[in-house]
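Thanks for coming. I will take a few minutes to go through one structure, with the ligand site as the topic.

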Amino acid sequence: MANKAAGAFEKLPILDVALLRGSAKDKAQFLHELRETCLNVGFFYVKNHGIPEEVVESIFGAGKRFFELPADVKQKSSVAAAPHFVGWIPAESEITHGRADVRESFDYQWKGNTAPPIGAPIWKNTLGPTPFPSEADCPGFDKASTDWMLAAADLGYTLLHAIAESLGLESNALDQYVNDPEGRRAWLTKINRYPPVAPDANNTQGCGHHTDDGFLTILAIDDIPGLQVQNMAGTWIDVHRVPGTFVVNLGDYLEKLTGGAYVSTTHRVFSNVGGAVDRYSVPFFLDPHPLVIRNVEPIPDSALLPEIVAARNKDYKSDVMKGDQRKIGRTHGESNFINRLKSYPLCGDRWYPDLNWKQLAVEWSEGFTPGETDVW
Ligand SMILES: O=C(O)CCC(=O)C(=O)O
Ligand SMILES: [Fe+2]
């Protein structure tokens, strides 16, 4: 059982990635801190992460320049332009819990991702080419987006390897869940702009409460408040930018593989009510490849450190429904397709007008019956 007091955290720990590159003693210290953090918090800052400040500034700058373009130019990169649920997502067209998120985003994948061959199962379309803006329309976007994606993926693998070791596994033990056997990459970056909303606005949901449905997320934020994390006692904690760091959080597959020992922490973004300035954030998601089994079996006790085994199946408070959602789809590819169809209606209506996500959820899941109120 994890330490209850530690689970009721009030601020996020800062982990120093430089320790991983240091002596054996330094590395052991890092792994110890990482283990405690993943058991009790699931959300942390990393410093000395090795990603140059210019790379971070450039992706924020590229995102801002893109969002400032006229709507008809952004429209060329619309999420409706390709069947892969990526590209420009206009404000209030992404849905969480049946409600529009008051944010505008540009979602993109690894540039090497190709479209699945004709006749391939439909869920393979969750990976594919992104409709990027042209160099003429948005100078520098191509370089900034590539540099950020590659740097964030590199850090993502460094942390994934450290997480494996913190569990008592070989450093590459989790790679099998992340490296797509078909050579595509389940890497996703979202550039988000959260406009301020009027104090009397009836929707202040910047991004509804959720857990990230992957392995881990590396999140660059700016100085505008909004991000909140729910601790294990159910209390919402504000997360602020610490210069020179990223925020990192664990996703659902780490929670499942560790039998609940490591926590996929609930979080949300509040709109900047009555503010004057947009909030920007850039998360990078290291996700499972599409063939990974949705209800993946936890790693056997015998392979894990005793303190991980002892912390399994812990009970903690979260506003996220922990039941049926996790049963949807037999594989990550199927569940991801269903989730995208639900959350990105602009793409769904254009490319999959005959598909209904609730129907697919029933067809592709064992023992799942969605109720009228199932709008996660
Ligand atoms: O904007 C943020 O700070 C977090 C966004 C987020 O949690 C997400 O897109 O999954
Ligand atoms: Fe998130």
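Before the site itself, a term: a pocket here is an open set of grid points, where a 1.4 Å probe fits, with protein on both sides within 12 Å along at least five of seven lines. A molecule sits in a pocket if more than half of its atoms lie within 2 Å of the pocket's grid points. By that rule, ligand 1 sits in the largest pocket. Please keep in mind that this is a predicted model.

Now, what surrounds ligand 1? There are 14 residues around it, and the closest are Y194, H210, H267, R279 and S281. Sorted by class, this shell has seven nonpolar, three polar and four charged residues.

Next, the polar contacts. S281 has a polar side-chain atom 2.6 Å from an oxygen atom of ligand 1. For H210, the distance from a side-chain N or O atom to a ligand oxygen is 3.0 Å. For R103, the corresponding distance is 3.3 Å. As for exposure, ligand 1 on its own exposes 290 Å², and the protein buries 96% of that.

Which strands supply the shell? β7, β9, β13 and β14 each give at least two residues. The largest share, four residues, comes from β14, which runs over residues 279–286.

Last, the record. An unreviewed UniProt entry places the feature "domain: Fe2OG dioxygenase" at residues 180–288. In the model, that span is 6% helix and 40% strand, and its end C-alpha atoms lie 8 Å apart.

Conventions: Residues are numbered from 1 along each chain as its sequence is written. Chains are lettered from A and ligands numbered from 1 in the order in which they are written. This is a predicted model: local features need pLDDT of at least 70, side-chain atom pairs count only at pLDDT 80 or more; totals for chains, interfaces and linings use all residues. Side-chain values use heavy atoms; hydrogens and water are left out. A residue is near a molecule or strand if one of its heavy atoms lies within 4 Å of it. A polar contact is a pair of N or O atoms within 3.5 Å; within protein, one must be able to donate a hydrogen and the other to accept it, and residues adjacent in sequence count only if both atoms are side-chain atoms. Accessible areas come from the Shrake-Rupley method with a 1.4 Å probe; for residues, only the protein chains shown count as cover. On a 1 Å grid over the protein atoms alone, a cavity is a set of points where a 1.4 Å probe fits but cannot get out, and a pocket is an open set with protein on both sides within 12 Å along at least five of seven lines; lining residues have an atom within 4 Å of a point. Ala, Val, Leu, Ile, Met, Phe, Trp, Tyr, Cys and Pro count as nonpolar, Asp, Glu, Lys and Arg as charged, and the others, Gly among them, as polar. UniProt positions are given in the numbering used here, feature names are shortened, and annotations may be inferred rather than shown by experiment.
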